[in-house]
Amino acid sequence: MTTLVFGHTSPDTDSTGSPIIWAWYLSEVKGIDARPALLGQPNTEAAFMLERWSLEKPQIITDVDEGQRVVIVDTNNPAELPANINKANIHSIIDHHRLVGGLETRGPLEIRIEPVACTATIMWKMIGKDMARMPEGIKGAMLSCILSDTLEFRSPTTTDEDRTLAHDLARDLGIDIGDYAAQMFAAKSDVSAFSDAELLRMDSKEFDLPGAKLRVSVLETTAPQVVLDRKDSLMQAMQTVAAEDGVDQVLLFVVDILNEEATLLIPNDMVKTLAEKSFGMAPDGDTVVLPGVMSRKKQIIPSLKI
Ligand code: MN
Ligand code: MN
């Protein structure tokens with residue numbers, strides 16, 4: 001049986017590149033029949049990566065069959081996985097997020113979760129000396145995953161291992177990291193084709209606080225003004241998205257990659273109070289700027305209070 005390798009829904013660069021890396025490793029090095037899959041259309045940055053490195057776009061799947069052998073990467077959250085995931089045969093999980101619980105397996109499995117900036121860095125450690133066999137395109141995917149998840153090393157999630165590996169890969173591939181990251185971020189910042197609701201769901205994770213279920217959305221961009229110019233209609237759309245997705249509130253943090261700050265939209269008093277309690281910042285009007293805030297995982301989620 002073919003093993004399917006996939007990351008989370010609303011695939012970002014790591015959830016698009018890491019399945020490609022791991023399916024290459026399983027099939028070409030380990031001799032296991034494996035292929036990558038996507039749980040939705042890749043975002044614009046991930047699509048740029050596929051094009052730049054001439055990688056075939058993985059097949060998009062909506063669910064998995066009972067008993068399907070799968071490898072889950074870049075998440076361990078059943079809310080970000082196919083509805084049938086607990087009926088699949090989960091062979092392994094490779095991830096760099098907090099454990100949220102909810103996944104059930106038929107037997108013991110291999111799990112590797114490490115606090116590094118991206119899944120591809122963990123894979124590099126697991127692949128070891130077989131890196132010598134890795135084709136250019138797969139190395140390009142690995143480099144892209146690191147630059148994406150670290151925001152070119154600006155995110156506080158960045159470790160020395162991520163940084164060193166990215167520089168080694170770039171040297172090997174003859175890539176200038178600054179130029180290449182700028183191209184990736186330009187692709188990610190081109191959000192003109194998306195509706196407000198699509199933007200709110202593009203890079204979004206559900207998070208439960210005592211007393212409120214939140215959808216915490218982030219838009220990483222080098223052109224924050226393009227998004228902020230749409231703030232009135234984005235705040236309108238928050239109500240619809242919250243109702244459709246069964247959450248109490250959608251939060252949108254517009255992360256300015258180059259200036260290393262986030263702007264939180266303030267659609268109502270609930271979010272105003274949240275901004276004050278969580279970040280000690282008093283909103284002025286319908287936005288608040290949070291200097292230095294880049295990472296949902298390390299800075300936003302651990303701070304949230306209502
Ligand atoms: Mn991801
Ligand atoms: Mn990741």
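Which residue bridges the manganese ion (ligand 2) and the manganese ion (ligand 1)? Aspartate 74 does so, and the two ions lie 3.6 Å apart.

The legends below describe a predicted model, in which local features need pLDDT of at least 70 and side-chain atom pairs pLDDT 80 or more, while totals for chains, interfaces and linings use all residues. Residues are numbered from 1 along each chain as its sequence is written, chains are lettered from A and ligands numbered from 1 in the order written, and side-chain values use heavy atoms, without hydrogens and water.

View 1. Donors are N, O and S atoms within 2.8 Å of the metal (3.2 Å for Na, K and Ca); water is not among the atoms, so sites may look incomplete. Aspartate 74, in the loop between strand S4 (69-73) and strand S5 (89-95), and aspartate 149, in helix H4, are 75 residues apart. Helices (H or I, at least four residues) and strands (E, at least two) are DSSP runs, numbered from the N terminus. Both aspartate 74 and aspartate 149 are buried (under 20% relative accessible area, with a 1.4 Å probe and protein chains only).

**View 2. Strand S8 and its partners.** S8 is largely enclosed by the rest of the structure, because 9 of its 10 residues are buried. S7 pairs with S8 in the antiparallel sense over 6 bridges; pairing requires at least two DSSP bridges between two strands. Serine 204 has serine 217 in S8 as its bridge partner. The hairpin of S7 and S8 has 2 residues between the strands, and glycine 211 in the turn has a positive phi of about 95°. S8 also pairs with strand S9 (residues 249-256), in the parallel sense over 8 bridges. There, valine 255 in S9 is the bridge partner of glutamate 220.

**View 3. The largest pocket.** This pocket holds about 790 Å³ of space. Among its 42 lining residues, His97, Asp203, Lys205, Arg296 and Lys297 are the closest to its centre. A pocket is an open set of points on a 1 Å grid over the protein atoms alone, where a 1.4 Å probe fits, with protein on both sides within 12 Å along at least five of seven lines; lining residues have an atom within 4 Å of a point. The volume is the space filled by probe spheres set on the points, which are joined across faces, edges and corners. S8 gives the largest share of the lining, 4 residues.

Terms used: Buried means under 20% relative accessible area, exposed over 50%, partly exposed in between (1.4 Å probe, protein chains only).
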